[in-house]
Structure formats: structure tokens, C-alpha cells
Amino acid sequence: MTEKKEWKKLGFGTMRLPLLDAEDPTSIDYEQVCRMMDAYLEQGFCYVDTAYMYHKYESERIVKRALTDRYPRDRYVLADKMPVSHLKEVGDLERIFEEQLEKCGVEYFDYYLLHNISRTSWDTVERLDAFAFMRQKKAEGKIGRLGFSYHADAELLEKILKEHPEVEFVQLQINYLDWESAYIQSRLNYEVCVKYGRDVIVMEPVKGGALAAVPQEAEALFKEKNPELSVPSWAVRFAAGLDHVIVVLSGMSSMEQLLDNTAYMKDFKPLSDEEKEIVTKAAGIINAGIAIGCTGCSYCVEGCPKNIAIPEYFALYNQKKRYGGHSHAESYYKNYLNRRGRAGDCIGCRKCERICPQHLPVSELMKDVSTEFDGE
């Protein structure tokens with residue numbers, strides 16, 4: 001079993017894989033994923049991350065087809081996650097874990113996480129004693145290192161790490177836009193991990209793509225310093241440069257993105273002091289132009305009683321606020337209405353809010369979206 005070791009810091013995230021049909025998250029482009037996986041491994045990278053819910057429960061299967069069926073076990077480090085939001089009783093832990101092993105085609109996971117611990121889901125973790133299950137699987141040799149992904153405040157994180165010394169790493173949302181956020185608390189959570197000596201894995205370094213397409217004023221800062229580097233490279237390098245970070249996950253959606261990421265991460269160089277100042281200026285510019293801080297994870301969509309395309313509507317709303325009539329957001333919004341609910345159809349059940357990693361007041365924000373696009 002793969003132990004903790006030094007490796008290239010770029011991780012291959014499988015949350016946003018290339019699709020054959022943009023409207024169907026299960027229509028994964030297998031051939032392109034295989035080419036991307038080959039290029040990734042051939043350059044000396046090894047950490048592949050998946051989860052039960054990604055791509056409507058198909059991500060683990062594609063990992064088996066593109067990775068574990070095609071490469072020997074010592075060529076990669078595989079991480080998977082227990083979906084806390086799907087747990088109702090103790091038996092669910094064993095059932096889902098065994099299903100994941102089968103879907104991924106492996107006998108053990110190198111890294112295994114409780115997925116999306118928040119103030120809401122922490123009650124489930126405690127009620128089902130999920131950490132005891134994790135310890136058991138580690139003792140059985142089915143988990144190499146155990147941890148959790150986290151979307152809450154630093155106070156709760158400190159409580160968890162103090163009470164659970166078995167935790168070896170924490171997966172945090174860290175990017176230069178959220179570093180000082182009062183809601184995401186990237187810096188504060190990172191500092192808690194440092195205090196307790198836990199390794200950190202970074203998710204959402206490009207904030208769901210928001211830091212790949214930045215306002216022109218921010219992009220100009222980056223290009224003036226180094227015209228050869230891509231805009232998202234600044235975000236990934238910001239996160240990878242933190243001392244306790246061992247892996248930065250990038251949800252790569254195309255070969256182009258993969259080759260860009262591997263090019264600057266193959267021989268990784270942290271941001272210089274001057275580059276850090278540029279990033280701070282860019283963050284101020286970007287934050288001023290973002291209306292809704294949605295990362296497009298789509299956790300909120302499953303089970304929406306009105307079948308509302310929540311992340312897509314938030315993205316269109318942001319585009320409209322940033323670019324006005326030049327965004328053509330109204331036209332794109334209308335394209336959804338023959339198969340998805342309107343923003344104004346939201347009944348305020350708040351099911352989406354209980355699972356949102358960004359803690360967004362979705363039902364209230366949907367009223368703003370409806371005013372913008374439904375004319376209400």
C-alpha cells in the first residue's frame with residue numbers, strides 16, 4: 001500500500017471530466033479521459049481523486065476503466081470519499097465502501113475521506129461514529145491514510161482535529177479569492193491544520209473555473225508579469241506554495257487544461273513575493289465583480305423538487321452582472337427552460353442549502369436570479 005511520500009503536487013480531479021453531451025454529466029468522454037490520464041502519469045504525476053457522487057455516480061466507474069484497469073497498482077495513488085450526505089444508518093458505511101471498491105476496481109484506497117463535513121453533516125458523522133468505521137478499514141488494510149474534506153469554520157475544525165488524532169490530512173477549499181473569506185475561511189482553516197500538524201490537500205484552487213476567466217484588469221496584471229503563464233496557473237501555484245499542502249487537485253475538463261497544468265507543475269516553483277502582491281491585487285478586482293460565489297459543484301441539483309439548474313443560473317447571473325447585455329445571458333437562460341425549472345419556480349425548501357459547500361443562501365439568491373431573467 002502506498003504510504004505518504006513526496007510527489008509532484010498536482011492531483012488529477014475527476015469531478016469535471018470532459019463530456020460528449022454538455023447537458024448530460026454521465027456522458028463522459030472515455031477516450032479523451034484515457035489520453036489525459038496517460039499524459040498525466042507519463043509526466044510523473046500520480047494522485048487521482050474521485051468521489052461517490054461525481055458525474056451522477058459515474059466518476060468511480062470511469063476511473064476504473066481509464067486508470068485501474070489499465071495501469072499496475074503501484075503507478076498511481078487513488079483517493080475516494082464516503083458521501084456523508086447519503087448516510088442514514090450505520091450499515092450504509094460498509095455498503096457504500098464496498099460498492100466503491102468494486103466500482104473503482106481496487107482492493108484498497110491509498111487516501112480515503114469523509115466527504116463534505118460541515119456544521120450540518122457533522123451531526124451524522126458523530127451519530128454513526130463514522131471515524132470508528134474509518135479506523136477499522138485502516139486496520140484491515142483497506143485505507144492507507146484517512147482524512148476528510150471540509151466546508152465549515154475553523155472553530156469546528158479545531159474541535160474535530162483535537163478529538164480525532166487518527167486524522168492524517170484534511171482537504172480544504174483554498175484559493176487566493178477565498179483566502180481571507182469570512183465564510184470559506186481558507187486561511188483560518190489552513191492555520192488550524194498547521195497547528196495540529198495535519199497535511200492539507202487543496203480542492204477548488206481555481207474556484208470552479210472562476211479564476212480561469214478573470215476580469216481583463218486582473219488578467220492584465222498577470223500577463224504583464226509573465227505573458228507565458230496561463231491565468232489559472234497563478235491560482236494553482238498560490239495553493240501549491242503553502243508549506244503544509246501536499247497535493248492541489250485540479251478538475252481538468254480537457255487535454256488542453258491538463259497539458260497547461262502539468263507544464264508549470266512538473267517543475268513547480270512557488271509564487272515570489274512580487275507575484276503574491278499581484279495575486280492580492282487581482283483578488284480585490286475579481287471579488288468586486290462576483291455577485292454569487294458559486295463554484296458549480298452541482299451538489300445542490302440532485303433532489304431539487306423543481307429540477308432547477310442552480311449552478312448554471314448562478315453562472316449566467318454572474319455573467320449578466322459583469323458584462324451586461326454583451327453576455328447574452330438571457331438567451332442562454334431561455335435554452336434551459338424547455339427541460340429545467342425556472343429560477344422563479346423555487347419553493348424555498350432549502351434542501352440545496354443544507355449541502356452547499358459555499359454556504360450560499362440559494363433560495364434567497366434564486367429570487368434575484370428570477371428577477372433578472374424571469375421578469376418577476
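Contact is taken here to mean heavy atoms within 4.5 Å. Helices (H or I, at least four residues) and strands (E, at least two) are DSSP runs, numbered from the N terminus. Axes are lines fitted to C-alpha atoms, for helices over the stretch in contact, and angles run from 0 to 180 degrees between N-to-C directions. The model is predicted, so that local features need pLDDT of at least 70 and side-chain atom pairs count only at pLDDT 80 or more, whereas totals for chains, interfaces and linings use all residues. Residues are numbered from 1 along each chain as its sequence is written, and side-chain values use heavy atoms, with hydrogens and water left out.

Helix α1 (residues 30-42) lies across β1 (10-13) and β2 (47-49), and runs at about 165° to β1. These two strands belong to a barrel into which eight strands close in the order β1-β2-β3-β4-β5-β6-β7-β8, with parallel pairing. On average, neighbouring strands of this sheet are turned by 30° against each other, direction ignored.

Two strands are counted as paired if DSSP finds at least two bridges between them. Strand β3 (residues 77-83) runs parallel to β4 and is joined to it by five bridges; Pro83 stands opposite His115 in β4. Strand β4 (residues 109-117) is in turn joined to β5 by six bridges, again in parallel, and here Tyr112 is placed opposite Leu146 in β5. Four bridges link β5 with strand β6 (residues 169-173) in the parallel sense, with Gly147 opposite Phe169 in β6. Between β6 and β7 there are five bridges, also parallel, and Gln171 faces Ile201 in β7 across this pairing.

In strand β5 (residues 143-150), eight of the eight residues are buried, so the strand is largely enclosed by the rest of the structure. Strand β7 is likewise largely enclosed, because five of its five residues are buried. In a regular strand the side chains alternate between the two faces of the sheet. In β7 both faces are covered, with Asp199, Ile201 and Met203 buried on one side and Val200 and Val202 buried on the other.

The loop between β7 and α9 contains Glu204. Glu204 is buried, its relative accessible area being 11%. When neighbours within four places in sequence are left aside, Glu204 is in contact with Met15, Arg16, Gln173, Ile174, Asn175 and Thr295.

Helix α10 (residues 231-240) has 10 of its 10 residues buried and is therefore largely enclosed by the rest of the structure. Among these buried residues are Trp234, Arg237 and Phe238. Their cover includes β7 (199-203), α9, β8 (245-251), α11 (255-265) and α12.

The axes of helix α9 (residues 216-225) and helix α12 (residues 273-289) come within 8 Å and cross at roughly 165°. That makes α9 roughly antiparallel to α12 (angles under 35 degrees count as roughly parallel, over 145 as roughly antiparallel, 65 to 115 as roughly perpendicular and the rest as oblique). From α9, the contact is made by Glu217, Ala218, Leu221, Phe222 and Lys225, and from α12 by Glu274, Glu275, Ile278, Val279, Lys281, Ala282, Ile285 and Ile286.

Conventions:
Buried < 20%, exposed > 50% of the residue type's maximum accessible area, 1.4 Å probe, protein only.
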